[in-house]
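Dear colleague,

Here is the structure I said I would pass on.

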Amino acid sequence: MNFHYVVLAILLCYAYSQPQIVGGRRRRQKFGMEGLIEMGEEEINAADMRRAGIITDAELRAEDRGSVQRSYIVNEEEAKMAADMASERKPSMVKLPGREEMLMLPDRESVLKFEFFRDFAKEEDIDGQLEQREQAWWGRLYVANFPFSIQFLRGHFGSGPKLAQYTLLLSEPALMCDLTLYDAMMDNQDRVKELKDQGKNVIIVAKRGNCTYGEKAILAESVGADGILYVNDEEGITHPAAPDVREFRDFAPSMISQAEGDYLMNVLQRGGGTIEANFIPIACVDEPKNLKTDKFCLPTSQQERDFEDAIQYGGVAKSSDGIEADFLQAHYGYPLPDGTHSFTLHEGDACESLGEETVSKHVIVKRGGCSFQNKTLNLAEAGAEVIVIVNNEPFPDRPGVGNLYESLVISSSVVMVGAVQGDAIWKSMKGNGGVTDLTFAR
């Protein structure tokens with residue numbers, strides 16, 4: 001190694017071994033996923049330091065999750081070891097299910113920084129909000145009429161989602177992959193052009209697996225889509241990586257969990273393959289002083305904070321004989337369908353399995369006897385698609401469940417009405433053969 005570089009490395013290591021005060025906090029030289037020191041022309045990153053035995057796998061995983069920001073002090077010998085590892089770095093080798101060959105992917109850096117902000121951008125600082133928005137690496141997906149939001153993680157490539165509404169389009173096939181040739185494929189790619197011609201921003205929803213993230217992203221971008229939403233094929237959630245498509249700068253890749261993704265795909269299949277949605281990036285800060293809030297994680301822009309505040313999970317249900325009842329959507333279940341539907345009474349409490357008994361697609365049942373989840377699951381398994389629960393208290397509430405992931409198997413829409421108005425509808429139905437039409441307005 002050149003003598004001057006050795007001297008420089010020794011001086012740098014000594015200097016950075018001394019605690020420094022930055023913004024009122026002590027820090028030391030940090031090695032992260034970006035590769036934060038140079039020895040000559042060799043870049044050293046956290047992975048190289050792990051291979052050299054300087055940091056552990058656990059530390060690297062913590063750094064990769066962005067949950068912590070580590071500081072590492074190295075001496076000249078350790079720095080040389082990491083530099084040697086960097087010069088010998090090999091490409092990433094990937095083997096996908098069902099494929100015999102190994103795929104070689106280039107070793108590229110992520111576009112994500114995994115950093116917390118010191119504070120939110122001020123309400124009047126639009127440029128600051130947009131900057132934080134582009135740097136955010138996770139967020140909440142709000143799908144039209146869904147009773148809950150879905151967490152998404154941005155990809156290691158491409159850009160963040162636009163400050164706009166998207167149309168989610170389910171790929172056909174859902175895997176977006178030819179299982180014979182193992183090439184990315186999409187039979188309904190003409191739908192992308194149709195939606196784009198209508199002025200819509202389109203994100204393709206595809207199941208993870210068989211083809212690489214990159215192969216699917218390249219196809220999605222080539223047919224005009226604005227991004228791709230991967231549904232994980234195993235528990236958990238990760239940041240999809242595709243080193244071969246890093247040049248996509250106006251293309252938004254992201255991932256959601258398997259359970260919530262399968263739920264979303266089921267809703268898409270039931271509703272014709274498309275649905276409207278908003279991706280809301282979230283910023284987390286050390287101290288929230290610039291905004292009047294005690295929350296440490298919020299949407300990055302004021303426009304999107306207003307969007308969240310304006311979301312309505314209720315409205316008014318009007319019966320065919322003119323009775324109006326305020327309703328609230330449950331924290332679980334499928335989106336409430338538009339229009340007017342014919343409902344029938346279910347006299348029992350539905351707390352036991354209904355066995356071979358079937359119920360109508362739209363039922364009204366009274367609260368009590370068992371949990372909301374048990375009641376609605378039994379009715380859903382008997383054929384109910386929309387369930388109205390009459391509360392045993394004057395006003396409606398949002399029925400909840402102990403575990404949201406367990407409730408994702410419930411394929412019915414669930415709402416509640418208060419006892420006063422609900423009992424009036426119940427009494428009217430009893431005098432009308434147990435049926436009524438209900439129209440829901442948000």
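Disulfides and a charged patch

C351 and C370 are joined by a disulfide, S to S 2.2 Å, in what is a predicted model. The link of C351 and C370 is left-handed, with -85 degrees about the S-S bond. C351 sits in the loop between β17 (340-345) and β18 (362-366) and C370 in the loop between β18 and α10 (372-381), so the pair ties together parts 19 residues apart in sequence. C351 is buried at 10% relative accessibility, while C370 is partly exposed at 25%.

The count of disulfides is three. In C177 and C211 the sulfur atoms are 2.0 Å apart; this pair connects the loop between β9 (166-170) and α6 (190-197) with the loop between β10 (201-207) and α7 (213-222), 34 residues apart. The S-S torsion of C177 and C211 is about 70 degrees, so this disulfide is right-handed. C177 is buried at 3%, and C211 is buried at 4%.

C284 and C297 also form a disulfide, with sulfur atoms 2.0 Å apart. Strand β13 (residues 274-284) holds C284 and strand β14 (residues 297-299) holds C297, 13 residues apart. The torsion here is about 110 degrees, so the link of C284 and C297 is right-handed. C284 is buried at 10%, whereas C297 is partly exposed at 27%. With the bonded cysteines numbered in sequence order, the pairing reads 1-2, 3-4, 5-6.

On the surface, E123, E124, D125, D127, E131, D306 and D309 form a patch of negative charge. At least two of its residues come from each of α5 (126-135) and α9 (302-310). E124 lies in the loop between β6 (103-105) and α5 and is exposed, at 63% relative accessible area.

Regards

Methods
Residues numbered from 1 in each chain as written. Predicted model: local features only at pLDDT ≥ 70, side-chain atom pairs only at ≥ 80, totals over all residues. Heavy atoms only, no water. Patch = residues over 30% accessible without salt bridge, like charges linked within 9 Å, V, L, I, M, F, W, Y side chains within 5 Å. Areas by Shrake-Rupley, 256 points an atom, 1.4 Å probe, with all protein chains shown as cover. Salt bridge = Lys/Arg side-chain N within 4 Å of Asp/Glu carboxyl O. Lys, Arg positive; Asp, Glu negative; His and termini not counted. Charge placed at Lys NZ, Arg CZ, Asp CG, Glu CD. Helix = DSSP H or I, 4+ residues; strand = E, 2+ residues; numbered from the N terminus. Buried < 20%, exposed > 50% of the residue type's maximum accessible area, 1.4 Å probe, protein only. Disulfide = S-S within 2.5 Å.
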